[in-house]
Structures are given as C-alpha cells and as structure tokens.
Amino acid sequence: MCGIIGYNGFREADKVLIDCLKRLEYRGYDSAGIGVIGKKLKIFKEVGEISKLEKEIPTLDGDIGIGHTRWATHGSVTRENAHPHISQNKKIAVIHNGIIENFKELKEELEKKGIKFNSATDTEVITHLISNYYKGDLEDAVYSAIKKLKGSYAIAVVCEDEPEKLVGARNESPLIIGVGDNENFIASDIPALLRYTNRVIYLDDGEICVVSKNSVRVLDENKKEVNKKVNLIKWDFKDAEKSGFPHFMLKEIYDQPDSITQVLRGRASEINRTIEFNEKIENILSNGLDSIHIVACGTSYYSSLAGKYLIEKLTNIPVFVELASEYRYFGTRNEKSLIIGVTQSGETADTLAALKEARNSGCRTLVVTNTIGSTATRISDAYILSQSGPEICVAATKTFTSQILVLFLIALKIAMIKNTIGTDELYNYILQLKELPREIRQVLDQNNEILKVAKHLKNCRSVFFIGRGINYPLSLEGALKLKEISYIHAEGFAAGELKHGPFALLTKFTPVVAIVTNDSTYDKIIANIGEIKARGPQVIAIAEDNDTEIDKHADFILRFPSNLDLLSCIPITVILQLLAYHVANLRGCPIDKPRNLAKSVTVE
Amino acid sequence: MKAVILAAGEGKRLRPFTETMPKVMLPVANKPILEHVIDAVKNSGINEIIMVVGYKKEVIMDYFKDYKKIKITYVEQDKQLGTAHALLQAKKHVKNSFIVLAGDNFIDQNSISNLIKNDSEYSILIKEHPHPSKYGVVFIEKNNLKEIVEKPKEERGKFISTGIYKLPKTIFNKIEEITSQGTYALSSVAQSIINDGKQINTILADCWMDIVYPWDLIQVNESMIHNTTASVSGVIEKGVTIKGGVSIGKDTKIYSGCYIVGPVVVGEGCEIGPNTCIFPSTTIGDNSVIHPFSEIRNSVIMDNAHIGSSSFISNSIIARGSIIDNNFSSVPGSSTIEIDHEFKQLKNLGAMIGEDCTIGSHVVVDPGVIIGRKCNIAPIKRITKNISSGSKVM
C-alpha cells in the first residue's frame with residue numbers, strides 16, 4: 001500500500017508533488033521520495049514522514065516529476081528501498097504501488113544480464129525492465145515491460161530523454177488521471193489532486209496512459225487508443241482539510257450529523273413513506289433472494305455484522321458475514337444468494353477478489369462504498385455510495401456509521417418488497433432516520449463527559465467491551481477503535497460469552513465497557529455487569545437517557561437518546577469513537593496515522 | 001489589496017441561535033452571513049482574506065476552507081477583547097494598505113469598491129441610521145471624520161460607523177499603543193488617529209445591515225431574498241403553483257397542491273406538501289420536511305427542520321433540527337420586549353425556536369417568545385414566556 005503522484009505542467013514540480021504527497025500520506029508514511037526532470041533527472045528520498053522530506057529536500061528545478069509515499073511490503077524501511085527507483089544509466093525513474101508476484105524470477109533473469117540491484121524492492125525490477133526495453137520511446141518500453149509483470153501495480157514513469165512525457169499503467173491497483181489546464185496529473189487517489197483540479201479520468205486494468213502538459217492519451221492492452229470519460233468530482237478541496245480540529249479523526253466524528261444526512265438524501269422519503277434506490281439496485285433486491293452474504297475486511301466487517309442483525313431482524317432472510325480474505329478461498333457460492341461487498345475505498349484487494357470470485361460463479365453482487373469510480377463499483381452488478389465525503393484518518397468513523405445506514409436502507413427496501421414490515425412501522429423507521437443527525441449532535445454535546453471517562457482508561461493495559469445483539473458488533477468496533485489508535489489492548493465480546501473463557505482475564509485493572517439497551521436482553525446484561533463487578537473491574541455503561549436503573553450498577557455512565565430502537569447503534573458508535581479518540585489523545589498517540597496501519601489495504 | 005474579516009465574536013444577543021455556531025454563520029437566504037460578506041469582498045476584486053476567528057472557529061473553517069479559490073488565512077483571537085484587538089491578530093499577514101470589516105454585517109460590493117478606490121490613506125464607510133445612538137456615531141466635516149462617539153447616551157447625529165475601514169500597515173503600531181492602555185475598540189483607534197491630526201475620509205455606504213437580535217434575522221432575510229430569481233431543480237409534482245421569485249434546490253420534492261409565492265428560497269433535499277402554502281418572504285434550509293396543509297410566511301426555517309401537518313408559522317425562526325408536531329401555531333402580533341434595559345414595542349413577531357427542539361402537537365407560541373436549544377414541549381401547551389435551553393415543558 002503506497003501513494004503515487006505524477007505531475008506534468010507549468011508549476012514547480014517539486015512543490016506540487018510534495019503538496020500532493022501530503023494528501024496521500026494516509027496511504028503510507030514509512031518513507032517518501034520524488035524525482036523531477038529539469039536539465040537532468042534528479043531524485044531525492046528520505047525515510048520518515050513527508051514533513052521530514054519537505055524539510056530536507058533541496059530545490060529540484062523542473063516542471064515534470066513523480067512522487068511516492070511508501071508503506072513497506074517488500075524490503076524494510078530504508079532510503080534505498082524508498083521510491084523512485086532509477087535505471088542504471090540514471091535516466092529512467094519509476095514509482096509503484098502494488099505487489100509484483102513474479103519479481104524473484106524477473107530479478108534473476110535481469111541479474112543474469114549483469115544488472116545490479118540497489119534495493120530489496122519488487123519495484124526495482126520494473127525500472128530495469130523498462131530500461132532494458134527502452135529504444136527511444138517510453139510508452140513502448142512501458143508497454144513491453146508490463147507484459148512481463150504478474151501481480152498488482154499502479155506505476156508512473158519518467159525518462160530524462162523524453163522530458164515532455166509522463167507514463168502511467170495500472171493493474172489491480174488504483175490509478176487516476178487528473179485533467180487540468182496546461183497541466184495534468186496521475187495519482188493513486190482523488191484527494192491528492194483536489195487542490196488543482198476536479199476533473200478525473202479513471203484508468204482500467206491493463207491500460208496505459210501517456211500524459212503531457214496539455215494532452216492525455218489512454219491505450220488499452222492492445223495499444224489501441226481508448227476514449228475515456230472525464231468525470232467531475234463533487235468533493236470540495238475543503239473537505240480534505242482539518243478545519244480547525246486538532247485531528248482529522250475528531251473532525252470526521254463531528255462530520256457525522258452531515259454525513260448521515262447525505263446517506264439518506266434522495267433515498268429515504270418521509271412524505272412518500274418509501275425507500276428509493278435506482279432501478280438496477282431495486283431489481284437486484286427484488287428477485288427471490290434466498291440468502292445474503294456480506295464480504296468485508298476490518299471496520300467494514302464490523303459494520304457488516306451490525307448490518308446482518310438489521311437485515312435479519314427486518315426481512316427474515318439469513319445473512320452471512322464473511323471476512324473477504326477467507327471467503328474468496330473458502331466461501332460457498334449459491335446463485336440465489338446476493339453478495340454484498342462493503343469497502344470504504346472500493347479498492348480493498350481482498351474484498352475485490354471475493355467479489356470477482358462471487359461474480360464468476362454467477363452470484364449477484366452489490367457494493368457499498370464511499371468512492372465513486374473505484375474498482376469495486378466497476379466489477380459489481382450495482383453499487384450504493386455512502387456519500388460520506390473523503391475520510392482521511394486511518395481509523396474509520398463516519399464511513400462506519402454510513403455503511404451501517406446503507407445496510408439499514410437495504411434492509412428496509414427488502415422488507416418493503418417482501419412485505420415483512422407494515423407501512424406504519426416503515427414510516428416510524430423513516431422518522432427515526434430523519435431524527436438521527438440531532439441525536440448525534442446530542443451525543444457530541446457530551447464530549448466533556450466522555451473525556452472524563454477517557455481519563456480513567458488512559459493508563460489501562462487492557463479494556464473489554466461487551467454487548468448483546470447488535471451491540472455485540474458495536475463492542476467489536478469499540479475495541480478495534482481503541483486498540484488501533486491508542487495502542488491499548490482491547491477486545492469485544494458478546495456479553496453472554498464472557499463466562500466461557502474471557503472471565504479468566506478480568507482483574508480490577510481491566511475496565512469493562514458495557515453497552516446496555518432497553519430491549520429484551522436488558523436484565524441479562526445487568527446480570528452480566530453484576531458478575532463483572534464481583535471480580536473487581538470498573539464498569540463503564542453506555543446506556544439510554546431514561547435508564548435510571550443502571551445508576552445502581554455501573555461506575556460511569558455515558559448516555560444516548562432513548563427513542564431510537566434499532567438505530568440506537570449509530571449514537572452508541574459515536575460515543576465509542578469519542579471514547580477511543582480521547583484515550584488516544586491523552587496518551588499522545590499519532591491519532592490520524594497509527595503505527596503500521598494504512599487507510600485502504602490494496603495488497604492481499 | 002487584502003481584506004481582514006473579523007469573525008471571532010459569539011453574538012450573545014442572538015442566543016440561542018449562536019449556541020452552536022458563531023453569529024457570522026447564521027443563515028440568511030440559506031447562506032451564512034459571512035458568505036455574503038466574502039462574496040461582496042471577492043466581487044470587489046480582493047482575492048486574499050485574513051479571517052480572524054475565535055468562538056466556534058471550526059464551524060467557519062469547515063465551511064470556508066479555500067472558498068471559491070479565494071486564499072483565506074485564518075488567525076485566532078483567543079479572547080474576544082474587542083475589534084482593535086481582533087485586528088491586531090492579523091498583523092503579521094498584512095504588508096500594505098488593507099481593508100477591515102466585520103463578518104456579521106452585510107455590505108454591498110459597490111461600497112467596498114468605492115472604499116478601495118479612495119485615494120486617502122485612511123478612509124471609513126459610514127451609513128445613515130434611524131437609531132444612531134446604538135452604534136458609533138460619526139460627525140463629519142468636509143468628507144472627513146471629525147469625531148466618533150461610541151453609543152452616546154442621548155440621540156444625536158445621524159450617521160454611524162459601519163466599522164469598515166481602509167487602513168495603512170502603520171495602523172498596527174497605533175493599535176498596539178492604544179490597546180496597551182486597555183482600550184480595545186477600533187473606533188477609539190480611529191479617534192486617536194484624528195487626534196494625531198491625520199484625516200480619515202468618509203464614504204457613504206449603499207447598503208449595510210446589522211443583525212443584533214433574533215428578529216433582525218427575519219427582516220434581513222426578507223431584504224436579502226427580495227430579488228430572488230426563479231430557479232427550480234428537484235422534483236415538482238403536477239398541480240403545484242409557483243409564483244414569483246422562487247428558488248428550489250436539488251433533490252427537493254414539492255408534492256401536489258402546494259402553493260408557493262416568492263420571494264421564497266428552498267434548500268436541497270427537502271420534502272414539502274402535499275397542499276402546503278409558503279408565502280413571502282420565507283427561506284427553508286436543506287433537508288427540511290414540511291407536512292401537508294401547513295402555512296408558512298415571512299419566516300426563516302433552517303436545515304433539517306421538521307414541521308407537522310396543519311401548522312401555521314409566521315414571522316418566525318425555526319432553527320436546525322427542530323421537530324414540530326402537527327397543528328403548531330405561532331401567534332403573530334406585537335410584543336413588548338426588554339432590550340438593553342428599555343422596554344420596546346415590536347410589531348409582527350412570531351416564534352423564535354432554537355436548535356433541536358421537540359414540540360408536541362397543538363402547541364401555541366405567543367408573539368416574540370424565544371425558545372432555547374434542545375427544549376422539549378408537551379402537546380397542547382401555550383407558551384407565553386421565553387424558555388431557556390434544555391428546558392422541558394410538561
């Protein structure tokens with residue numbers, strides 16, 4: 001997982017590249033480098049964050065160049081392994097995102113020809129291959145080189161002998177072209193470019209692009225020129241900035257009243273009392289569904305687990321949630337089953353592979369994603385955008401709640417089609433959906449109370465989260481948020497499972513966060529809290545506004561509005577997010593960029 | 001030339017509407033006041049703005065980051081000590097002559113252009129006002145400022161300072177000198193410049209408006225949407241009548257039988273009707289829902305508001321996220337209100353309802369009553385007095 005950027009235009013390339021790299025940093029930040037062609041090709045790379053590179057870099061003159069931010073997959077984090085990688089004659093520079101599977105064979109072949117390797121990366125193979133094929137035309141050389149490659153790649157190449165030309169190629173790793181006025185870009189992702197242009201061309205697998213200052217050509221596998229559509233991106237540049245918040249994560253948590261409105265916009269109609277999707281999606285949802293499989297990774301997996309609960313509750317259709325990395329090898333396929341892939345970036349390699357597998361075996365596929373034009377939207381039968389706007393913090397917040405809501409809307413739609421809920425019940429759910437933004441504002445108002453509780457957690461070595469029903473996946477998500485940004489060990493458990501093992505870990509130094517809703521399991525979870533208290537831990541309860549009983553049982557109580565029924569999962573999630581945020585902040589952790597993690601995982 | 005916009009203040013007299021956003025972000029014609037100001041500044045040819053922010057700065061910065069390709073630099077005023085102190089925060093970002101203006105007062109583009117074009121080193125925009133003693137009253141001699149008196153006790157003079165100046169970079173030394181003596185208002189700085197024997201040219205502003213109290217918002221909204229041009233996106237069902245300047249945003253649905261008379265501005269993603277009447281001069285924010293048989297006139301309805309069927313809303317403000325059940329009624333009429341220790345009779349006032357309130361069915365609100373944020377009112381109540389935020393009426 002890395003971020004790549006290429007620039008060809010009229011500005012000072014080094015400044016533009018570093019600026020764009022900062023916006024790609026969420027994709028990787030072990031090391032970074034840029035290469036610019038002025039009179040000659042010059043390279044500068046450094047281990048560490050982009051800000052370090054920016055401080056130490058000398059001015060590199062030139063108006064064409066490439067830049068890279070790395071998240072190591074092959075070879076450790078060293079300056080040698082940072083990109084760009086240059087050819088032996090120091091004329092060709094290459095940056096790469098992805099994994100070359102046959103790089104060992106290629107490397108041996110090249111070494112036999114007497115080529116010396118300077119790094120342990122798979123990328124260097126591409127550089128030497130291109131250099132080897134180079135006969136005065138860079139696009140021909142790139143074209144010949146990628147024929148030899150197996151695996152995933154998005155690459156950008158420049159050559160000192162052809163300083164007017166930037167060449168890119170993609171296979172199974174994201175790459176887009178940004179179209180400007182007298183300047184053009186290639187990049188891994190849209191936010192990198194938003195400061196400069198909002199016109200974007202999406203490359204497809206196997207395609208090569210040749211980008212000059214004022215033209216863009218795209219060639220397919222057979223070197224035939226392809227006419228590509230230029231898409232206008234609605235995101236504003238302002239969306240990608242911190243807006244006075246100390247961290248992107250906090251900004252994104254506070255974005256949720258708006259991001260939720262966006263999910264519902266045009267889909268939940270209060271006066272018509274209906275849920276609307278486009279025809280394609282409605283068709284997919286209406287034809288005799290036997291079962292639903294949801295495939296996802298990481299946070300999306302937990303939102304899918306919550307979605308399973310909602311869909312089953314409203315439609316009686318069995319839902320199986322599977323980790324994409326497992327499903328693609330071991331999952332069952334059934335033509336009467338609908339496969340829903342949930343991926344924020346739309347580029348998660350495992351989820352993409354699972355979707356392809358499912359589609360090849362004749363299943364209907366539907367994707368829930370935040371990224372328009374992403375690979376996932378193109379390889380599936382239909383897609384639903386969560387419309388959350390860009391999410392920069394590595395830990396997902398607003399996209400998690402939006403994903404749950406999309407799944408909830410799908411559940412309502414299926415329930416309407418199958419007649420499993422009455423019109424009045426449907427109307428009540430729509431009203432609750434419309435009320436959500438203000439319920440979230442109410443939770444955000446409790447920021448200070450949540451901070452107080454966070455102070456009790458900041459020195460813990462281990463924290464447990466428990467819940468029943470839909471609160472179980474929320475416990476998992478709460479624990480994931482806490483561990484990924486605060487580095488405190490955290491586990492989520494179904495409350496009833498605690499007795500079957502995890503109890504052994506309870507001491508008075510392991511606080512337990514219990515999610516308590518006034519449903520049929522209320523008495524059970526109160527009993528669970530009693531059992532926990534007897535072993536000494538402090539209990540932090542997340543409970544409803546009007547729940548007075550809980551005061552007698554828990555040490556700390558954080559409240560969420562009571563009138564929400566199934567949708568209480570959204571305000572509860574916001575409390576869990578803020579709790580994790582404050583704990584991490586009190587511990588001084590690098591919240592937006594936790595160690596070893598990357599925003600979207602485009603390697604398997 | 002750069003512009004310094006002062007946007008750090010809270011707007012206490014506009015509570016509860018300023019509890020979650022600074023005064024400059026209150027919506028007029030469905031855009032924050034500040035956006036109108038920035039547009040005027042931009043259209044007069046300025047493309048670099050220094051924004052002094054403080055109270056709830058995130059709300060401003062989130063909305064305006066790199067707005068319409070204008071460069072906005074943010075500086076923070078930690079404590080809201082006064083206009084001169086606020087301006088001082090911008091010192092290191094200003095190199096030449098500049099203009100300074102308040103982010104919460106409307107100003108037209110022509111007046112700003114006139115100010116920029118003026119040759120004098122110092123100049124100020126002034127405006128005639130029926131109640132000058134509430135502002136900085138200015139006395140003029142041959143187009144130059146003679147004296148400026150902040151809020152005089154007795155009514156005198158007829159022109160007031162708009163607080164909009166063109167100033168040279170050297171002003172910052174003067175401000176440092178004055179603020180070190182414990183005075184923080186820009187008008188004192190102006191007075192001290194006159195005392196030094198320098199001349200401040202006065203220019204009459206065409207259009208300048210201030211919002212001090214909640215009901216001002218309704219009036220200013222009325223004059224700002226007066227020239228709304230008809231533009232309709234979204235879905236309009238058959239049988240809807242639309243007359244005059246009505247602007248309807250995308251993804252909005254207007255159901256059959258609605259009767260809308262402009263000037264009316266409706267935001268994006270709303271649902272209105274069937275059979276709902278909206279009369280001049282009304283603004284409805286994004287994602288709001290107005291149920292059947294309701295009538296709304298001369299009111300400001302903000303985002304995500306929800307108004308039940310058969311309600312009557314006139315000369316009122318409904319803030320973001322409030323949910324009002326059916327048969328709500330705001331009684332229009334006059335009200336005697338205590339303002340700055342004086343009792344005043346105000347005409348044509350409706351209800352002023354804060355953010356995220358929940359109001360039951362058949363509630364009646366008396367003229368001019370202000371209901372705070374997050375209030376909860378049970379059905380069939382008559383509300384005759386102001387209610388503070390977070391209250392419950394059982």
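**View 1. Pairing of β26(A) with β27(A) around Glu544(A) in the predicted model.** Glu544(A) stands opposite Phe560(A), a residue of β27(A). Strand β26 of chain A covers residues 539–544 and pairs with β27(A) in the parallel sense, over five bridges.

**View 2. The open sheet of five strands in chain A.** The strand order is β24-β23-β25-β26-β27, and the pairing is parallel. In general, strands of a sheet pair through backbone hydrogen bonds, either parallel or antiparallel. At the edges lie β24 (489–494) and β27 (556–560) of chain A, each of which pairs on one side only. On average, neighbouring strands of this sheet are turned by 20° against each other, direction ignored.

**View 3. Helices α16 and α18 of chain A across the strands.** Helix α16 of chain A, residues 471–486, lies across β23 (462–467), β24 and β25 (512–515) of that chain. The angle of α16 to β24(A) is about 175°. Helix α18 of chain A, residues 569–586, lies across β25, β26 and β27 of chain A. It runs at about 135° to β27(A).

**View 4. Domains of chain A.** The assignment divides chain A into domain 1 (3–239), domain 2 (242–443) and domain 3 (446–604). Taken over C-alpha atoms, the centres of domain 1 and domain 3 of chain A are separated by 43 Å.

**View 5. Packing of helices α5 and α6 of chain B.** Helix α5 (residues 171–180) and helix α6 (residues 186–195) of chain B pack at an angle of about 110°, with their axes 10 Å apart. The two helices are therefore roughly perpendicular to each other. The crossing of α5(B) past α6(B) is right-handed. On α5(B) the contact is made by Lys174(B), Ile175(B) and Ile178(B); on α6(B) it is made by Ser188(B), Val189(B), Ser192(B) and Ile193(B). By class, the residues of this contact are four nonpolar, two polar and one charged.

**View 6. The two domains of chain B.** Domain 1 of chain B spans 2–212 and domain 2 spans 223–393 in the domain assignment. Their centres, taken over C-alpha atoms, are 32 Å apart. Eight residues from domain 1 of chain B and 13 residues from domain 2 take part in the contact. The side of domain 1 that touches domain 2 has five nonpolar residues, two polar and one charged.

**View 7. Contact between chain B and chain A.** Here 18 residues of chain B are in contact with 17 residues of chain A. Helix α2 of chain B (residues 57–64) gives the most to the side of chain B that touches chain A, with four residues. That side of chain B has four nonpolar, six polar and eight charged residues.

Notes
Residues numbered from 1 in each chain as written. Chains lettered and ligands numbered in written order. Predicted model: local features only at pLDDT ≥ 70, side-chain atom pairs only at ≥ 80, totals over all residues. Axes fitted to C-alpha atoms, helices over the stretch in contact; angles between N-to-C directions. Parallel < 35°, antiparallel > 145°, perpendicular 65-115°, else oblique. Left-handed = near helix turned anticlockwise from the far one by under 90°. Contact = placed C-beta atoms within 7 Å. Nonpolar A, V, L, I, M, F, W, Y, C, P; charged D, E, K, R; others polar. Domains from an automatic or database assignment. Pairing = 2+ DSSP bridges.
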